[in-house]
Amino acid sequence: MTKPFIAAQGVHSYYGPSHVLHGVDFRVNRGETVALMGRNGMGKSTLLKSLLGIVKPRDGEVRVGGTVMTGRPTSRIVRMGIAYVPEGRGIFPSLTVREHLLMVARRGAEGRRDWDYHRVLETFPRLAERLDNFGHHLSGGEQQMLSIGRALMTNPELLILDEATEGLAPLIRREIWRVIAAIKQTGIATVIVDKNAHVLLDLADRHVILVKGTVAYDGHADALKANPEILERTIGL
Ligand SMILES: Nc1ncnc2c1ncn2[C@@H]1O[C@H](COP(=O)(O)OP(=O)(O)OP(=O)(O)O)[C@@H](O)[C@H]1O
């Protein structure tokens with residue numbers, strides 16, 4: 001069996017007394033594209049944050065590259081080759097596009113340098129036209145491109161995209177999907193959360209559906225397409 005790059009086992013996470021994840025198993029293999037699906041409030045963002053140590057699981061284990069990293073500082077976990085594009089994008093209002101990209105540039109694991117400043121600007125020509133613009137002068141679509149571009153500058157093994165196309169105009173959305181498909185071709189593993197289940201059915205290698213903080217489905221797109229009642233039951237499509 002392929003060894004996963006990241007694996008959560010039996011993860012329980014809380015916000016204060018509120019028990020949100022109830023023993024979640026989740027893994028992403030190297031180079032794999034995984035769609036994390038579920039209705040609002042089912043625990044998708046909390047699972048991503050639990051993988052990253054932003055939320056510290058109270059029980060269970062998270063391994064990155066085989067090493068137990070449960071609840072370790074986020075800075076340590078991401079250094080192992082993870083880039084996170086959060087819901088809301090995390091763009092700084094008073095930094096320029098150029099500064100956002102250059103301040104995080106680094107080689108990946110084993111010195112990997114597939115992505116650099118020039119390749120990111122080639123991938124997102126809109127950013128190349130706005131290098132001196134500050135974060136607060138960018139449209140929502142441009143901010144999302146910058147957030148993904150910045151993530152790529154770290155040459156990650158795994159890219160995590162929460163609400164990848166939320167609130168974006170259809171044309172920009174299409175552009176983001178094009179880039180995500182191109183990233184997939186370069187062998188970077190990706191976890192994507194997005195409301196657009198139909199795009200994810202064609203794009204992702206595997207689908208994990210959360211219902212009330214537990215995994216209700218973990219399998220391949222073909223099985224989901226062949227059994228539409230699963231999507232109807234779990235996410236109401
Ligand atoms: N910071 C927080 N403090 C307390 N409760 C929270 C916090 N963040 C999320 N929750 C609660 O945890 C549950 C899971 O939320 P989470 O954001 O993980 O869901 P989600 O599946 O990502 O949904 P969405 O699509 O709405 O972001 C929800 O009931 C939510 O209200």
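**Overall picture**

Tutor: Of the 237 residues of the protein chain, 39% count as buried. Please keep in mind that this is a predicted model.

Student: How many helices and strands does the protein chain have?

Tutor: The protein chain has 10 helices and 10 strands.

Student: And which radius of gyration would a compact globule with 237 residues have?

Tutor: A compact globule with 237 residues would have a radius of gyration near 18 Å, and the protein chain has 17 Å, which agrees. Along the principal axes, its C-alpha atoms fill a box of roughly 45 × 35 × 35 Å.

Student: Of the contacts between residues at least 6 apart in sequence, what percentage join residues at least 24 apart?

Tutor: Among those contacts in the protein chain, 67% join residues at least 24 apart.

Student: Let us move to the ligand. Which residues surround it?

Tutor: The ligand is surrounded by Tyr15, Ser18, Val20, Gly38, Asn40, Gly41, Met42, Gly43, Lys44, Ser45 and Thr46. Strand E2 (18-29) and helix H1 (44-52) are the elements that give two or more residues to this shell.

Student: Which element gives the most?

Tutor: H1 gives the most to the shell around the ligand, with 3 residues.

Student: How does the shell divide by class?

Tutor: The shell around the ligand has 3 nonpolar, 7 polar and 1 charged residues.

Student: Now the sheet that contains E2. What is the strand order?

Tutor: The order is E2-E1-E4-E5, in an open sheet of 4 strands with antiparallel pairing. E2 and strand E5 (67-68) stand at the edges with a single partner strand each, so one side of each is left without a neighbour in the sheet.

Student: How many bridges join E1 to E2?

Tutor: E1 and E2 run antiparallel and are joined by 9 bridges. In this pairing, Val11 has Val24 in E2 as its bridge partner.

Student: What about the hairpin of E1 and E2: how many residues lie between the strands?

Tutor: The hairpin has 2 residues between the strands, and Gly16 takes a positive phi near 55° there.

Student: And over how many bridges do E1 and E4 pair?

Tutor: Strand E1 (residues 4-15) pairs with strand E4 (residues 59-64) over 5 bridges, in the antiparallel sense. The bridge partner of Ala7 in E4 is Arg63, and His12 stands opposite Asp59 in E4.

Student: Changing topic: which residues have the most contacts inside the largest nonpolar core?

Tutor: Those residues are Leu36, Ile160 and Ile192, in a core of 58 residues. In soluble globular proteins, nonpolar side chains tend to be buried together.

Student: What does Leu36 touch?

Tutor: Leaving out residues up to four places away in sequence, Leu36 touches Lys44, Leu47, Val191, Ile192, Val193 and Val208. Of these, Lys44 is also one of the residues surrounding the ligand, and Ile192 is among the residues with the most contacts inside the core.

Student: I also want to check the backbone angles. What is the phi of Glu163, and where is the residue?

Tutor: Glu163 has a positive phi of about 50° although it is not a glycine. Its place is in the loop between strand E7 (158-161) and helix H7 (170-185). Glu163 is partly exposed, because 19 other C-beta atoms lie within 10 Å, and a buried residue would need 20 or more.

Student: And Lys212, what is its phi?

Tutor: Phi of Lys212 is near 45°, a positive value in a residue other than glycine. Lys212 is found in the loop between strand E9 (206-211) and strand E10 (214-220). With 13 C-beta neighbours inside 10 Å, Lys212 counts as partly exposed.

Notes
Residues are numbered from 1 along each chain as its sequence is written. This is a predicted model: local features need pLDDT of at least 70, side-chain atom pairs count only at pLDDT 80 or more; totals for chains, interfaces and linings use all residues. The radius of gyration is taken over C-alpha atoms; the globule rule is 2.2 Å times the number of residues to the power 0.38. A residue is buried if 20 or more other C-beta atoms lie within 10 Å of its own, exposed if 12 or fewer, and partly exposed in between; C-beta atoms are placed from the backbone. Two residues are in contact if their C-beta atoms, placed from the backbone, lie within 7 Å. A residue is near a molecule or strand if its C-beta atom, placed from the backbone, lies within 6 Å of it. Ala, Val, Leu, Ile, Met, Phe, Trp, Tyr, Cys and Pro count as nonpolar, Asp, Glu, Lys and Arg as charged, and the others, Gly among them, as polar. A nonpolar core is a set of buried Ala, Val, Leu, Ile, Met, Phe, Trp, Tyr and Cys residues joined through C-beta atoms within 7 Å. Two strands pair if DSSP finds at least two bridges between them.
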